[in-house]
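Reader: Could we go through this model together? I would like to begin with the helix.

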Amino acid sequence: MAIVDRNGKVAVTNYRVVGSARAVSRVECVIETGRTHQIRVHLASLGTPVVGDATYGRPRLDRQLDPPPARQLLHAWRLALKHPITRDLMVFEAPLPVDFAVPWAPPA
């Protein structure tokens with residue numbers, strides 16, 4: 001997946017920084033489309049890849065974190081969608097995983 005000037009599909013990601021610590025920030029993303037790897041590609045294109053993302057990120061820098069991430073730190077804490085038949089809004093929430101609470105990470 002990549003950002004292209006021509007012949008690509010539209011993908012829109014809105015984001016805001018909700019906390020920072022050292023060289024790492026916690027961001028909240030709201031996607032208007034649903035493209036494969038959308039958040040990962042968009043953040044990487046800004047020069048701010050997801051921590052622990054081996055494909056679009058900076059693995060060499062991630063390994064310098066103490067402790068280094070065991071996986072990419074991307075979590076869907078809330079999903080909202082319309083039921084395909086009733087069109088009722090369905091909202092699902094999940095707390096941050098335990099491994100997001102590392103010493104170098106900004107507070108939630």
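Reader: Is helix 1 mostly covered or mostly open, and how many of its residues are buried?

Author: Helix 1, residues 38-45, is mostly covered, with six of its eight residues buried. Buried means under 20% relative accessible area, exposed over 50%, and partly exposed in between (1.4 Å probe, protein chains only). Helices (H or I, at least four residues) and strands (E, at least two) are DSSP runs, numbered from the N terminus.

Reader: Which residues of helix 1 are buried?

Author: They are Q38, I39, R40, V41, H42 and L43.

Reader: And what do those buried residues pack against?

Author: The buried residues of helix 1 pack against strand 1 (13-21) and strand 2, where contact means heavy atoms within 4.5 Å.

Reader: How should I read the numbering and the values?

Author: Residues are numbered from 1 along each chain as its sequence is written, and side-chain values use heavy atoms, with hydrogens and water left out. The model is predicted: local features need pLDDT of at least 70, side-chain atom pairs count only at pLDDT 80 or more, and totals for chains, interfaces and linings use all residues.

Reader: Changing topic, how many bridges join strand 3 to strand 4?

Author: Five bridges join strand 3 (residues 78-82) to strand 4 (residues 89-93), and the two run antiparallel. Two strands pair if DSSP finds at least two bridges between them. A80 stands opposite V91 in strand 4.

Reader: Which residue in that hairpin takes a positive phi?

Author: R87 does, near 65°, in a hairpin with six residues between the strands.
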